[in-house]
Amino acid sequence: MFPFSVCMSVYRNDNPEDLCTALNSVIIQSVPPSEVILIVDGPVSHELEKIIRKYESDYSFVHPVWLAENGGLGNALKIAVEKASCEYIARMDSDDISMPDRFKKQLECFEREPGLSIVGGRITEFVDSEDNIVGSRCCPLKDSEIKRYMKSRCGLNHVTVMFRRSEVLKAGNYLDWFWNEDYYLWIRMWKQGCKFCNLEDVLVNVRVGYDMYARRGGWTYFKSEAKLQKYMWKQHLIGFPRFMFNVAVRWGVQVMLPNRMRGFVFQKLFREK
């Protein structure tokens, strides 16, 4: 199968135990990566540093990149993509758990369809214990369905994706966009004619808190999302009526609803049990 890199980012607020779990889920894959590019985004605790250096020592393919200051996820992933030596790159968060055959399934998909630029999949979400599943998110599977879905919501689960490095760089790589670095990148890849795919399989079990859905609101979050919708309109990916509808929905959910109600809406409307 194709050699591939895994790109991760860790920062000072990450839990050392969760980082170990995430790294182990990458290392024990049925098809392991050629390298893990681990961006250390600014100063971290002594305990986190100790764990990172131990993995670097124990596994020759784990390559930390130490940044002097925290620059945010978009900047960290931009650097990770630039540092990666493989054409195929898988995303991984520092507190999630990849399924044992995740990378094998994605590489097989690329082999079946050489024209693909990116392959994602389904996620489950858990609280505290990885078997305490509280929800799941499945995106559309086919390229045309994903792009139609992206006119209203992000059509790929970011933590599951594997993509071609050359296509991401051609689209301008990751750029900073509050909570939406991924959506912004997929839109630019869409504009340049990239082909997307999602697998039906659960690829990643995502760690969430009970208040995670509720926190997806507030003025800063809303302005980021509204600005992205405006970008799609200006790029002629959506029409003005769709732009106005998307912004109105986000205003209602992200600004007008109280946190508790917002959490209820996310779980009932935007997640599967």
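This briefing walks through helix packing, strand pairing, salt bridges and a few individual residues. Keep in mind that the model is predicted, so local features need pLDDT of at least 70 and side-chain atom pairs count only at pLDDT 80 or more, while totals for chains, interfaces and linings use all residues. Residues are numbered from 1 along each chain as its sequence is written, and side-chain values use heavy atoms, leaving out hydrogens and water. Helices (H or I, at least four residues) and strands (E, at least two) are DSSP runs, numbered from the N terminus.

**Helix 7 against helix 8**

- The axes of helix 7 (residues 181-191) and helix 8 (residues 219-234) come within 11 Å of each other and cross at roughly 5°. That makes helix 7 roughly parallel to helix 8. (Angles under 35 degrees count as roughly parallel, over 145 as roughly antiparallel, 65 to 115 as roughly perpendicular and the rest as oblique; axes are lines fitted to C-alpha atoms, for helices over the stretch in contact, with angles running from 0 to 180 degrees between N-to-C directions.)
- On the helix 7 side, the contact (heavy atoms within 4.5 Å) is made by Tyr183, Tyr184, Ile187, Arg188 and Trp190. Helix 8 answers with Leu228, Gln229, Tyr231 and Met232.
- Sort the residues of this contact by type and you get seven nonpolar, one polar and one charged. (Ala, Val, Leu, Ile, Met, Phe, Trp, Tyr, Cys and Pro count as nonpolar, Asp, Glu, Lys and Arg as charged, and the others, Gly among them, as polar.)

**Strand 9 and its partners**

- Strand 9 (residues 196-207) runs antiparallel to strand 5 (residues 97-98), with two bridges joining them. (Two strands pair if DSSP finds at least two bridges between them.) Here Ile97 stands opposite Asn205 of strand 9.
- Strand 9 also runs parallel to strand 6 (residues 118-126), and eight bridges join this pair. In strand 9, Phe196 is the residue opposite Ile118.

**Salt bridges**

- The count comes to 11 salt bridges. (A salt bridge is a side-chain nitrogen of Lys or Arg within 4 Å of a carboxyl oxygen of Asp or Glu.) As background, side chains of opposite charge can pair when their charged atoms come close.
- Asp18 and Arg207 meet through their side chains in a salt bridge at 3.4 Å, N to O. Asp18 lies in helix 1 (residues 16-27) and Arg207 in strand 9, so the pair ties together parts that are 189 residues apart in sequence. Asp18 is buried, with a relative accessible area of 15%. (Buried means under 20% relative accessible area, exposed over 50%, partly exposed in between, using a 1.4 Å probe and protein chains only.)
- Glu87 pairs with Arg164 in another salt bridge, the closest N and O atoms being 3.2 Å apart. Glu87 sits in the loop between helix 3 (73-83) and strand 4 (88-91) and Arg164 in strand 8 (residues 162-164), so this pair links parts that are 77 residues apart in sequence. Glu87 is partly exposed at 29%, and Arg164 is partly exposed at 22%.
- Arg53 and Glu49 form a salt bridge too, with 3.0 Å between the closest N and O atoms. These two are four residues apart in helix 2 (residues 46-58), so about one helical turn separates them. Arg53 is partly exposed at 40%, and Glu49 is partly exposed at 29%.

- Gln106 is in helix 4 (residues 102-112) and counts as buried at 0% relative accessibility. Leaving aside residues up to four places away in sequence, Gln106 touches Val119, Gly120, Thr160, Val161, Met162, Leu199 and Leu203.
- Ile37 is in strand 2 (residues 35-41) and, at 4% relative accessibility, counts as buried. Among the residues Ile37 touches, not counting those up to four places away in sequence, are Val6, Cys7, Met8, His63 and Val65.

**Positive phi**

- Most residues other than glycine have a negative phi.
- Asn173 has a positive phi of about 65° although it is not a glycine. Asn173 belongs to the loop between helix 6 (165-170) and helix 7, and is buried at 3% relative accessibility.
- His236, also not a glycine, has a positive phi of about 65°. His236 is in the loop between helix 8 and helix 9 (240-256), and is exposed, with a relative accessible area of 71%.
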